[in-house]
Amino acid sequence: MAAAQEQVGTLVHGQYTTVMHQPLRQLVEKLGEVLPAGLDSLFFTNSGSEAVEAALRLARQATGRPNVIVCHGGFHGRTVAAASMTTSGTRFRSGFSPLMSGVVVTPFPSAYRYGWDEETATRFALQELDYTLQTISSPADTAAIIVEPVLGEGGYVPATRAFMEGLRERADRHGFLLILDEVQTGVGRTGRFWGHDHFGVTPDILVTAKGLASGFPLSGIAASEELMAKAWPGSQGGTYGANAVACAAAVATLDVVRDEKLVENAEAMGKRLRHGLESVADRTPAIGDVRGLGLMLATEFVTEDGGPDPETAARVAVDEGLLLLLCGAWNQVVRMIPALVIDETAVDEGLQAWAAAVATGTSGAARR
């Protein structure tokens, strides 16, 4: 807050295609400390959707290929191209067709949805990706595959290490790019600075937004200087990208994340929160699954026959003074994304309210 207030009194806006203002310089230096090695060139814009579309534009121009592969259940935004790549729910892509062509969908290793263990789900997802490359979008036509390290709107489903390694290997073998959408998972949310840090892979293009500037509109993509140079001159831009006030807020945010050890806090408080959520689930037949990473956790509600139960999810999400969001294809999943500064007392208070809300919301229903 203080950083933003100070910046407002100095320079509110200087379009960064023209003015290389100091907050932008500072932000680039700060991001250089946390970005994966080799991702040393940045392009900034305002929203996650814009950053996703910038990544797509770069991938198509750099490779000269038309198609992009997306994972079933992924969310990448609501603008036309981003919505075309979104498959987490029809509500994000219906009513304004035709959508962008050149999008091909492949499975994500959603073990709970398939009713399999993670190894089986991962093997299936990679086999189907190979089949997709053989039958729908040949490698010669595929510019990139884009994936979230944890499905966001799709139900807070983490990827697996073997799946992410498989994507990296296929991208390298076939010459297409791996784009990781870290809009929800980045900046400490999962208990690592980037969600992909859990899986030991490095993307060709990283997309970031949301937590980067603590509520100010700022997003961006990171890639190698060599790759970014393949963008056609003048093809990327925007009036308000890297706004000076948003950049100042982002610089302060990154300082706080580092100095207050908020990544470590997300890991520790995430373990505490997950343990409490699992304890509630153990005594609640209406809960089918608890999953997530760090402070990106979710509880899925199911009917007696194991189907999605959005009605119960909606009831418990607003009971006992809770303010929680839903996700999943049927909105049957309640997600918990508390502030990274949350402490043990707040976690325990939240869990107490959650247990009460679940007890009330599921009472009287016959469950298996």
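Let me start with a term: contact means heavy atoms within 4.5 Å. For directions, axes are lines fitted to C-alpha atoms, for helices over the stretch in contact, and angles run from 0 to 180 degrees between N-to-C directions. Helices (H or I, at least four residues) and strands (E, at least two) are DSSP runs, numbered from the N terminus.

Hello everyone! What you see is a predicted model, where local features need pLDDT of at least 70 and side-chain atom pairs pLDDT 80 or more, while totals for chains, interfaces and linings use all residues. Residues count from 1 along each chain as its sequence is written, and side-chain values use heavy atoms, leaving out hydrogens and water.

Let's begin with the sheet. Its four strands form an open sheet in the order E10-E11-E13-E12, with antiparallel pairing; two strands pair if DSSP finds at least two bridges between them. At the edges sit E10 (287-293) and E12 (325-327), each pairing on one side only. Neighbouring strands are turned by 30° against each other on average, ignoring direction. Between E12 and E13 (residues 333-336) there are three bridges, and Cys327 stands opposite Val333.

Now the helices. H10 (residues 262-282) lies across E10, E11 (296-301) and E13, and runs at about 175° to E10. H11 (residues 310-317) also packs on the sheet, touching E11, E12 and E13, with its direction at about 30° to that of E13.

On to charges. A salt bridge here is a side-chain nitrogen of Lys or Arg within 4 Å of a carboxyl oxygen of Asp or Glu, and the count comes to 17. Glu267 meets Arg192 in one of them (3.3 Å, N to O). That pair links distant parts of the chain, with Glu267 in H10 and Arg192 in the loop between E7 (177-181) and E8 (205-208), 75 residues apart. Glu267 also forms a salt bridge with Lys271, at 3.9 Å between the closest N and O atoms; these two lie four residues apart in H10, about one turn of the helix.

How exposed are they? Buried is under 20% relative accessible area, exposed over 50%, and partly exposed in between (1.4 Å probe, protein chains only). Glu267 is partly exposed at 29%, as is Arg192 at 32%, whereas Lys271 is exposed at 56%.

Asp130 is partly exposed at 31%, while Arg170 is buried at 12%.
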